[in-house]
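Subject: Structure handover

Hello,

Here is the structure we talked about, with notes on what turned up in it. Please read the notes with the model open beside you.

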Amino acid sequence: MRKRIAVIDRNKCHPDECGNYLCAKLCPVNRSGADCIYPGDDQGKKARIDEFLCTGCGICPNRCPFGAISIINLPETLNKDPVHRYGENMFELYSLPSPLFGQVTGILGKNGIGKSTALKIMANVLQPNLGRWKEIPDFKEVINYFKGTETQKFLEKLHKNEIHLSYKPQQVDLIPKQFSGTVRQLLEKIDQNKKLAEIAVKLELEHFLDTDISMISGGELQRVAIAATVLKGANLFLFDEPSSYLDIKQRVNISQFIRSLANDDTATLVIEHDLIILDYMTDLLNIMYGHEGAYGIVSGVKSSREGINAFLEGYLKEENVRFRNHHIKFEKTRENKGALPVPLISWPLLKKVQGNFTLRAEAGELHKNEVVGILGENGIGKTSFIKVLAGLIKPDEGVIDATVKVAYKPQYLETDSEMTVGEFLIEAVAHYGKQLVEPLNLESLFSQKLSELSGGQLQRVSIAKCLSQQAELFLLDEPSAYLDVEQRLLISKVINNVVQERDVTILVVDHDLLFLDYISDRLIVFSGQPAKEGLLKGPFNMEEGMNLFLRELGITLRREMVSKRPRINKPGSVKDREQRDINSWYYG
Ligand code: SF4
Ligand code: SF4
C-alpha cells in the first residue's frame, strides 16, 4: 500500500516559470535515476509524482515557488483503496456516510475534505471509481468493495432506482443566477405532490411567494431552497448547510421541520457547521476527517451527542484514530479585563423611521477594546443602527454627539470581481500580515481571482478586508457563514487579537449561538417584528443578554456534561421545565 499521497494543484503548477521542473531537479529519488517526479500528459505538462517512489522527504513541497505540491502521509490504519479519486495526484475519498431510514444523520467535518464528493456519489451524479480514474470499474465491483456494509445496501437500492433523492446545495445565493420568475413559479414547477401551500406555511414563505426570486434575501432564498428540495418528493433528502443566512429563530424552526421529514421510508442527511443546530436537528452523526484538498475519510456512525464530542476532542474511540492533535474548546479567555471601560460612543433614546420600518433604541454605550455580539432576527434594524452610529443616517429622535469611523463587512459578499485576492487585500498585506494574513491562511489565495473563491475562502478574505481598514468600530455581519467549526474558532481568535492589539470595538452579528457566546464580551439584543419595527436593548452582560434573548425565542440552553458546549433542551423535557421555572434560560 501507499504510505502517502501527493497532490498537485494544476492551477498553481507552471513548469515554464519555475526553471523547468525545479521539483524534479531537486528530488533525491529523481537524482538517483528514477522518475519520481515527471511531466504529466495534460496540456501544460504539469508535474506528476509517483506516490510509490516518493519517500516523503519534504523537499519539493517546500521548494516549489508556487506552493503547488502537497505530500501527505496517510494514516497507517488506512489499508484499502479509496472509494473515489478525481485523477492522478488529486483528491481522494475513503468510505461514504450511511443514511438510515427513519433518522436524520449529520455529517460533520472541516471544509475541503470531501463532504460534497460523498454527497455527489450518494446522489448518483458521480460514479465512484475506486481510485482507478482511467478504467472506471463496473457497478458489481463497486458493490463488492462495500460488501457487508450498510453502504452496499444503499448503493444497491440506488442502482435499482428505489432511492429517490433530493439535494439542497450549499450556495443558495447562486439560485437567482439559475432561475428567473417569482418564488411561486419556481416552486410550482417542482411541486409534484401539491404540497406547496402546506410547506409555505411551515417555512414561512407566504409573504414573499409572489416576489421575484432576484429580490428576496439570503434567509428567504435558503427557505425557498429547502422548500424546493422537499417538494420534489424524495425518500432521501440531502441538505448542505441549511442554516446559512437564517436567524436563530428560523434555524430552530427549520431544524424541527427537517426532523419531521424522517420516517420509516425516508432518510435525511445534513451537512452543518452550527454545532447547536446540528445537535438539535440530527439523531446520528458521521464525522469526516482527513487533510484539506488531499483526502477524506468518513467515520462510523455515532449518536449526535457522542459524535460532536468526539469531533471536538479530535479522537474517534471506536476507530482508535486521532485526527487532530488538539481539542477544540469554546472557552473564554478574556472574560475579566480588570481595567475600567473606556467609552467609544454612547447614544440616548433613538428613533428612526425608514419607509414602513421604525427602529427604536434604548440608551446605551460601546466601549473600546470589546467585542459586542448582536442577537436578533433578520430585518430588525441592525444595519440601520450601525449607520446611525457612523453618522450615515440621522435619527428622527435623539442626538448622537460624536460619530465614529466604521468599517463594515456585509452579510452578502461580492463574488463577481475579477480582482485577485492579493490586489483586494493590499492594505492587509501592507499592515496586518501577522494579525490577519498569516492566521487566516490567505497567502495561498493571493493569485486567485475573487470570482474563483469558495464561500468559505471569500468569507475569510472579506473579514480580512474589513479588519484592515482604519476604523474605530467594525461591524462583521454574519462572519461565520460558510466557515467550518475550526475556521469559526480561528476567526474568533483573530477578532479577539484585533480588539486587544488595536484597542478598537467590534460588533458581530451572527446566528451561530455557540460562536457568538464564545466571542462576545457583551450583547445587544434586538426584538420586534422584522420589516416593521425593531427595538434595541443593551449592551448587557452575557448572562442578562442571553436570558433576555432566549426567553423571547422560547428555548433554554444547558451545558453538555463532557464538552461543556451549549445544547438546546428538548421542549418540555425535565431540564427545560426546571430552567423555565427559575427563569434561567441560559445554562440553568
Ligand atoms: Fe515547477 Fe512547482 Fe510545477 Fe514542480 S510543481 S513543475 S516546481 S511549478
Ligand atoms: Fe521527491 Fe517525494 Fe521528496 Fe518530493 S517529497 S522531493 S517527490 S521524494
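Ser255 sits in helix H11 (residues 248-261); helices (H or I, at least four residues) and strands (E, at least two) are DSSP runs, numbered from the N terminus. With a relative accessibility of 0%, Ser255 counts as buried. Buried stands for under 20% relative accessible area, exposed for over 50%, and partly exposed for what lies in between (1.4 Å probe, protein chains only). Apart from neighbours within four places in sequence, Ser255 is in contact (heavy atoms within 4.5 Å) with Ile277, Tyr280 and Met281.

On conventions: this is a predicted model, in which local features need pLDDT of at least 70 and side-chain atom pairs count only at pLDDT 80 or more, while totals for chains, interfaces and linings use all residues. Residues are numbered from 1 along each chain as its sequence is written, chains are lettered from A and ligands numbered from 1 in the order in which they are written, and side-chain values use heavy atoms, with hydrogens and water left out.

The sheet

Eight strands form an open sheet with mixed pairing, in the order S17-S18-S25-S24-S20-S23-S22-S21; two strands pair if DSSP finds at least two bridges between them. Strand S17 (350-354) and strand S21 (406-409) are the edges, each pairing on one side only. From one strand to the next the twist averages 20°. Within the sheet, strand S20 (residues 370-375) and strand S23 (residues 505-509) run parallel and share five bridges, with Val372 opposite Leu507 of S23. Helix H18 (residues 455-467) packs on the sheet and touches S21, strand S22 (473-477) and S23; its direction makes about 175° with that of S21. Axes here are lines fitted to C-alpha atoms, for helices over the stretch in contact, and angles run from 0 to 180 degrees between N-to-C directions.

Ala402 lies in the loop between helix H14 (382-389) and S21. Ala402 is partly exposed, at 47% relative accessible area. Its C-alpha is 66 Å from that of Asn79, 323 residues away along the chain.

The cores

A nonpolar core is a set of buried Ala, Val, Leu, Ile, Met, Phe, Trp, Tyr and Cys residues joined through side-chain atoms within 4.5 Å. The largest has 121 residues, of which Leu187, Leu467, Ile506, Leu513 and Leu550 touch the most other members. Helix H10 (residues 218-231) gives the largest share of this core, eight residues. Leu550 contacts Leu513, Ile555, Leu557, Trp585 and Tyr586, leaving aside neighbours within four places in sequence. A second, separate core holds 27 residues, including Leu93, Leu236, Leu238 and Ile271.

Helix H4

Helix H4 (residues 115-122) has six of its eight residues buried, so it is largely enclosed by the rest of the structure. Those buried are Lys115, Thr117, Ala118, Leu119, Ile121 and Met122. After H4 comes Asn124, with a positive phi near 65°.

Ligand 2 is surrounded by 13 residues, the closest being Cys27, Cys54, Cys57, Gly58 and Cys60; a residue is near a molecule if one of its heavy atoms lies within 4 Å of it. The shell divides into 10 nonpolar, three polar and no charged residues. Ala, Val, Leu, Ile, Met, Phe, Trp, Tyr, Cys and Pro count as nonpolar, Asp, Glu, Lys and Arg as charged, and the others, Gly among them, as polar.

Cys13 is in the loop between strand S1 (4-8) and helix H1 (22-26), and is buried at 9% relative accessibility. Not counting residues up to four places away in sequence, Cys13 touches Ile8, Lys46, Ala47 and Ala68.

Regards
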